[in-house]
Protein chains: 2
Amino acid sequence: MRLGTITIVGVGLIGGSIGLAVKQRRVAERVIGVGWRQPTLARARLLGAIDEGSVEIGPAVADADLVIFCTPVQVIATQILEAAPSYKEQALLTDAGSTKATITAAVDGRLPAAVHFVGSHPLAGSEKRGPEHADANLFQHRLTVVTPTPRSDPNAVGRVCRFWEALGARVKIMTPQQHDQALALTSHLPHLVAAALVGILPAELQELTATGFRDTTRIAAGDPGLWTGIFLHNRQALLEALTRISDQLDRFQTALTTGEEGALTQLLDQAKKVRDALGS
Amino acid sequence: MRLGTITIVGVGLIGGSIGLAVKQRRVAERVIGVGWRQPTLARARLLGAIDEGSVEIGPAVADADLVIFCTPVQVIATQILEAAPSYKEQALLTDAGSTKATITAAVDGRLPAAVHFVGSHPLAGSEKRGPEHADANLFQHRLTVVTPTPRSDPNAVGRVCRFWEALGARVKIMTPQQHDQALALTSHLPHLVAAALVGILPAELQELTATGFRDTTRIAAGDPGLWTGIFLHNRQALLEALTRISDQLDRFQTALTTGEEGALTQLLDQAKKVRDALGS
């Protein structure tokens with residue numbers, strides 16, 4: 001895949017990594033980055049993640065064959081729609097947001113006929129922020145979920161898939177709703193639980209934490225604003241996931257209260273089997 | 001600190017690491033390892049973690065100035081007491097178990113007058129097992145909690161502290177009860193929660209897990225038998241910790257249900273501040 005101009009809106013860890021990967025793999029001739037602050041754009045340019053920077057979306061998307069929104073989930077749909085007058089014909093739009101149903105529903109049917117949006121979510125990233133943490137290989141061998149709807153243009157879906165594959169990613173197609181229900185369990189709930197574990201840690205016990213606690217709660221260092229947006233977008237599925245974990249914690253509580261060694265070992269054994277299957 | 005003979009009962013990850021550290025730092029002239037299976041002892045010897053191996057505790061502790069029990073928590077007290085006839089006068093005993101109150105209570109007052117036990121817990125390790133994962137620097141700059149009781153011989157307490165310091169560890173003195181209450185929150189609850197997160201993951205969603213899920217649940221790969229023992233030893237404190245995390249999850253649930261953005265951000269913000277303070 002070889003494109004003319006790609007515009008990346010939001011040049012943080014994800015947007016910056018897309019820029020680096022696009023440049024390194026020569027997926028586009030020109031990469032334009034959009035950011036709110038000139039220093040961030042300057043850093044992204046210096047790191048080679050973008051060729052040009054702009055603080056305005058409109059002019060920056062006018063020439064773009066592909067526009068990727070890598071901004072917080074709560075602003076993605078608004079940005080996509082506000083820039084609608086500026087897209088060129090046959091422009092392809094996607095995003096890298098951690099939720100898909102709310103964004104897709106907000107955008108669906110509200111774009112010019114010759115402009116196509118297909119949502120994406122690359123399952124990569126970390127608790128860190130900013131283009132200085134960007135990595136050209138962030139998507140390599142990692143899964144990106146692409147979430148078309150029945151209204152999506154099949155050709156546009158194919159092009160979005162090929163774009164992620166050009167960055168080294170494997171692609172999986174899901175509906176936005178399937179994606180959100182799955183990610184509630186694989187990402188949003190673990191984040192919430194990690195934050196809860198840290199939230200009940202008294203200050204005087206901080207020195208008694210070791211690798212286990214640190215691993216388990218690492219994601220709780222993620223940006224609170226970003227994650228509030230994700231949680232609210234995926235409220236219903238996250239509430240269902242919370243019910244499931246509460247039920248599972250109740251099973252542990254019962255086994256502990258009654259002192260049932262066999263029941264405890266069984267719960268831990270089942271977890272170990274699944275965790276071993278995931279790899280390190 | 002320089003000892004004659006150290007006997008390590010259990011030459012897995014922790015016991016093996018103690019052996020390697022003792023040898024590398026010349027803390028003892030001779031290191032004897034006790035294990036249930038000859039192949040494990042042979043591996044530990046090959047790795048340089050022990051000088052000699054034995055499948056029987058009695059003969060292996062007869063010459064020991066220091067005996068360290070690095071076996072599962074549910075067998076430590078029994079092993080310490082069963083070997084009582086074999087210890088030499090002024091032998092110092094300690095352990096590396098993740099719980100302290102049950103072990104200490106079982107041993108306290110039941111040893112010959114000239115033999116001293118003081119419990120320890122080095123806050124180091126991983127979900128891995130076996131001497132092949134041993135690391136001579138495992139304790140370096142890490143905290144070891146030493147848990148004397150009012151009956152403990154002050155000289156023995158000092159010697160146990162100096163032993164861990166000789167392996168590079170920092171030492172903190174706590175009562176066995178303080179230790180167990182703290183570790184319920186910093187280690188045992190995180191383990192339980194990680195196992196619960198993995199336990200509710202449907203098989204078809206495994207491919208949708210990324211770094212966040214893997215970090216958060218890494219400890220769930222720990223040995224189910226070992227952790228059942230730890231959970232049952234520290235039942236009361238772990239049940240209290242479970243109540244606390246349930247209350248905290250309820251706060252998230254309320255904020256999600258009512259859609260209170262401010263309340264959600266506040267919960268995540270407080271967690272991020274604490275997690276940032278812990279370092280990577």
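Trainee: Is the crossing of α7(B) and α9(B) left-handed or right-handed?

Mentor: The crossing of α7(B) and α9(B) is left-handed; that label applies if the near helix is turned anticlockwise from the far one by less than a right angle, and right-handed applies if clockwise. This is a predicted model, in which local features need pLDDT of at least 70 and side-chain atom pairs pLDDT 80 or more, while totals for chains, interfaces and linings use all residues. Residues are numbered from 1 along each chain as written, chains are lettered from A and ligands numbered from 1 in written order, and side-chain values use heavy atoms, without hydrogens and water.

Trainee: At roughly what angle do the axes of α7 and α9 of chain B cross?

Mentor: Two packed helices are described by the angle between their axes and the distance between the axes. Here α7 (residues 176-199) and α9 (residues 224-233) of chain B have axes that come within 11 Å and cross at roughly 125 degrees (lines fitted to C-alpha atoms over the stretch in contact, angles from 0 to 180 degrees between N-to-C directions; helices are DSSP runs of H or I, at least four residues, numbered from the N terminus). Therefore α7(B) is oblique to α9(B), a word for what is left after under 35 degrees (roughly parallel), over 145 (roughly antiparallel) and 65 to 115 (roughly perpendicular).

Trainee: Which residues make the contact of α7(B) with α9(B)?

Mentor: Ser187(B), His188(B), His191(B) and Leu192(B) of α7(B) meet Trp227(B), Ile230(B) and Phe231(B) of α9(B), contact meaning heavy atoms within 4.5 Å.

Trainee: How do α10(A) and α7(B) cross?

Mentor: Their axes come within 9 Å and cross at roughly 125 degrees. So α10(A) is oblique to α7(B). The crossing of α10(A) and α7(B) is right-handed. On α10(A) the contact includes Ile245(A) and Leu249(A), and on α7(B) it includes Leu192(B) and Val193(B).

Trainee: How much area do chain A and chain B bury between them?

Mentor: The size of an interface is often given as the accessible area lost when the parts come together. Chain A and chain B bury about 7,300 Å², 70% of it on carbon and sulfur atoms (1.4 Å probe, summed over both parts). In this interface 75 residues of chain A contact 75 residues of chain B.

Trainee: How many salt bridges are counted between chain A and chain B?

Mentor: Four, each a side-chain nitrogen of Lys or Arg within 4 Å of a carboxyl oxygen of Asp or Glu. Asp215(B) forms a salt bridge with Arg218(A), with closest N and O atoms 3.2 Å apart.

Note on methods: Helices (H or I, at least four residues) and strands (E, at least two) are DSSP runs, numbered from the N terminus. Buried area is the accessible area (1.4 Å probe) that two parts lose on being put together, summed over both.
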